[in-house]
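Thanks, everyone. Let's take a quick look at one chain, starting with how its parts meet.

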Amino acid sequence: MINDYLKNKYLRYLNIKKTLKDMDALNERLIREKEIRQEFFANASHELKTPITSIRGYAELLESGMITDEATRKDMISRIKKEADHMNMLIADILEVSKLESNDIRPEVMRVDVTLLIDETIETFKPKADEAGVTLYNYAKPGVFVYADYGHMDEIISNLVSNAIRYNRKNGKVWIHAANEDGLMELRVRDTGIGIPKGECSRIFERFYRVDKGRSRQSGGTGLGLSIVKHILSYYKGTVEVNSKVGSGTEFIVRIPEKYEP
Ligand code: ADP
C-alpha cells in the first residue's frame with residue numbers, strides 16, 4: 001500500500017520534472033526567436049537607411065541650387081530613382097521574409113511545368129542579362145514538373161538566375177538545367193561568374209549576408225534572396241547545394257520532391 005503510494009508520488013514527480021524541462025526548452029526557443037526577429041528588424045532598418053540617406057543628400061544638393069550643370073542634375077535625378085527602386089525591392093523582400101516567417105503560407109499546389117517556367121524567367125531577365133552582357137540558356141528537358149505553388153517556384157528560379165547574372169562577368173554565360181529523377185525535381189543554375197570563397201558558401205544563405213556588399217547593392221541586390229530561397233525549400237522538404245570556384249563560376253543545385261506532401 002505504502003509502496004504504491006510512494007511509486008505514484010515518484011511517477012508524478014518525474015512527470016512534473018519532464019514538464020518543467022519542456023517548458024524551459026520552449027522558453028529558450030521563444031527567447032531565441034525573439035532575438036532573431038529583433039536582429040532582423042535592426043538589420044532591415046539599417047539597410048533601408050542607406051538609400052534614404054542617399055536620396056536626402058541628392059535632394060538637398062538639387063534644392064541648394066549649387067548644381068547648375070544640366071547633365072549633373074539629370075544624373076542625380078536618375079540616382080534618386082535608382083535608390084527608390086532599391087528601397088522598393090528591399091521592402092518587397094522584407095515583406096516576403098516576414099510572410100514566410102509567420103508561417104502565413106497558403107500554397108496553391110499545382111503541377112508546375114518547370115521547363116516553361118525557365119523559358120518565362122529567361123524572357124523576363126533578358127533585358128537585365130543583355131545590359132550585363134550575359135547570355136542565358138535553358139538546358140531543361142521538355143516537360144520537367146514539380147507539384148508546388150507556382151509563385152514559390154518562380155521565386156526560387158528568379159532569385160538564382162538574377163544572382164547568376166548579377167555576379168557574372170562581361171560575355172558571361174548562365175546555364176539552367178532541370179530534370180525529374182528518382183522522385184525529385186532537380187534544378188541547376190550554373191554561371192561563369194566571380195565565384196564564392198569556400199568559407200562563405202554556407203553563410204550566403206543568412207539574411208543580409210553578402211560576400212561583396214558594394215557589388216550586391218550596386219547591382220540592386222537586397223541580401224535576402226537566398227535566405228528566401230532556403231526558406232521556401234524547407235517548406236517543400238527540398239535542399240540546396242552550392243559548388244563554386246573563385247574566378248570561374250558557381251553552380252546552385254536545388255532538389256525538391258516531385259510530389260508535395262504537407
Ligand atoms: P543579394 O541580393 O546580395 O544577391 P542573396 O541572398 O541573393 O543576396 O545572395 C547573398 C550573397 O551571395 C550575394 O551578395 C553574393 O555575395 C553571393 N552570391 C549569390 N549568388 C552568387 C553567384 N551566383 N555568384 C557569386 N556570388 C553569389
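How much area is buried between domain 1 and domain 2, and what share of it do carbon and sulfur atoms give? About 1500 Å², with 57% from carbon and sulfur. Keep in mind that this is a predicted model.

Now the layout. Domain 1 covers 6-101, and domain 2 covers 109-257. Their C-alpha centres are 23 Å apart. On the contact side, 18 residues of domain 1 meet 15 residues of domain 2.

Next, the polar part of this interface. There are 4 salt bridges between domain 1 and domain 2. We also find 5 residue pairs in polar contact across the interface, both residues at pLDDT 80 or more. Which elements give two or more residues to the side of domain 1 that touches domain 2? They are α1, residues 2-64, and α2, residues 70-101. The most comes from α2, with 11 residues.

On to the core. In soluble globular proteins, nonpolar side chains tend to be buried together. Here the largest nonpolar core has 50 residues. The members touching the most others are Ile-118, Leu-136, Met-153, Ile-156, Leu-187, Phe-252 and Ile-256. Helix α4, residues 150-166, supplies the largest share, 7 residues. Both domains take part: domain 1 and domain 2 each provide at least three residues.

Last stop, Phe-252. Leaving out residues up to four places away in sequence, Phe-252 touches a set including Leu-160, Leu-187, Ile-196, Phe-205 and Val-240.

Methods. Residues are numbered from 1 along each chain as its sequence is written. This is a predicted model: local features need pLDDT of at least 70, side-chain atom pairs count only at pLDDT 80 or more; totals for chains, interfaces and linings use all residues. Side-chain values use heavy atoms; hydrogens and water are left out. A nonpolar core is a set of buried Ala, Val, Leu, Ile, Met, Phe, Trp, Tyr and Cys residues joined through side-chain atoms within 4.5 Å. Buried means under 20% relative accessible area, exposed over 50%, partly exposed in between (1.4 Å probe, protein chains only). Helices (H or I, at least four residues) and strands (E, at least two) are DSSP runs, numbered from the N terminus. Domain bounds come from an automatic or database domain assignment. Contact means heavy atoms within 4.5 Å. Buried area is the accessible area (1.4 Å probe) that two parts lose on being put together, summed over both. A salt bridge is a side-chain nitrogen of Lys or Arg within 4 Å of a carboxyl oxygen of Asp or Glu. A polar contact is a pair of N or O atoms within 3.5 Å; within protein, one must be able to donate a hydrogen and the other to accept it, and residues adjacent in sequence count only if both atoms are side-chain atoms.
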